[in-house]
Amino acid sequence: MRLRELASVGPFFALRTEDDGPADDGSGYLPLGEEAVRARVATVAERLGTEDRRVAASVAFQGIAGRLLSVALGSAALTGQVPDLSSGRLGWHPARTAPDDLWLPRPEALPPSGDPAELIRTRVLHGPLALLHTATRAAVPVSGRLLWGNAASSLAGSLRVLHAWCRAEGRPREAARASALAEEILADPVLRGTGTLSARGRGGPSFVRTTCCLYYRVLPGGMCGDCVLRHAPRAR
């Protein structure tokens with residue numbers, strides 16, 4: 001697969017492959033599952049300085065959702081291919097950050113499809129991301145709807161970065177393709193209603209959530225740009 005061009009978009013779009021070699025001898029990379037989730041939640045809690053495990057679980061899930069969806073969306077928009085990110089092939093290092101957190105030896109594309117958005121929905125959203133959704137809720141009692149809202153927000157964030165890169169590189173066709181793919185993915189039942197995407201605005205794609213990731217509970221406080229609390233209607 002042509003993943004090197006994808007890595008030039010940004011670290012969230014990059015994967016370590018066998019050609020790159022893992023950052024060490026491969027130790028510390030775990031299959032996507034509850035063990036990796038628990039380790040990542042502990043790492044995030046420590047870095048945020050919070051004892052609220054629900055906040056740490058939410059932020060941890062949003063991070064890995066952003067990684068998986070960035071790689072899938074970017075590859076589909078730029079090459080028409082979607083990499084096989086199934087949990088049995090992908091290694092996740094819970095203590096590391098992008099691009100060193102994910103390791104995909106011998107990357108392969110999923111079988112060609114006339115609908116790459118459907119491939120991302122069925123083989124990423126309802127594949128490793130659904131597995132991580134279940135594992136996160138098993139590790140920490142956090143709202144499933146909140147987590148899917150995080151996935152939608154991550155997809156929108158990936159789209160913003162990819163769209164801006166495509167425009168800067170003089171590739172408006174790929175920018176439009178990325179927007180169309182994101183719109184189709186957000187129409188999936190698990191993401192539907194989690195937010196509103198404005199993909200064709202003059203200033204680039206924007207997204208407003210209907211759920212909250214809980215980050216505002218981390219001192220000194222603050223809200224994400226797409227937070228439902230930031231955009232809540234004001235009483236007259």
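Select Arg209 and Thr211: their side chains make a polar contact of 2.7 Å. Keep in mind that this is a predicted model.

A second polar contact, of 2.8 Å, joins the side chains of Arg209 and Asn150. Now show the secondary structure. Arg209 lies in strand 6, which covers residues 206-209. Is Arg209 buried or exposed? Arg209 counts as buried, because its relative accessibility is 4% and the cut-off for buried is under 20%.

Next, select Arg160. This residue belongs to helix 6, residues 144-168. Arg160 has a relative accessible area of 34%, so it is partly exposed. Which residues does Arg160 touch, leaving aside those up to four places away in sequence? They are Pro205 and Phe207. Then pick Leu68, 92 residues from Arg160 along the chain. The C-alpha atoms of Arg160 and Leu68 are 15 Å apart.

Trace its strands in the order 1-4-3-2; the pairing is mixed. Which strands stand at the edges? Select strand 1 (16-17) and strand 2 (30-31). Each has a single partner strand, so one side of each has no neighbour in the sheet.

Finish with strand 3 (residues 91-92) and strand 4 (residues 102-104). These two strands run antiparallel, and two bridges join them. Select Gly91 to find one end of a bridge; its partner in strand 4 is Trp103. Strands of a sheet pair through backbone hydrogen bonds, either parallel or antiparallel.

Methods:
Residues numbered from 1 in each chain as written. Predicted model: local features only at pLDDT ≥ 70, side-chain atom pairs only at ≥ 80, totals over all residues. Heavy atoms only, no water. Helix = DSSP H or I, 4+ residues; strand = E, 2+ residues; numbered from the N terminus. Buried < 20%, exposed > 50% of the residue type's maximum accessible area, 1.4 Å probe, protein only. Contact = heavy atoms within 4.5 Å. Polar contact = N/O pair within 3.5 Å; in protein donor to acceptor, adjacent residues only side chain to side chain. Pairing = 2+ DSSP bridges.
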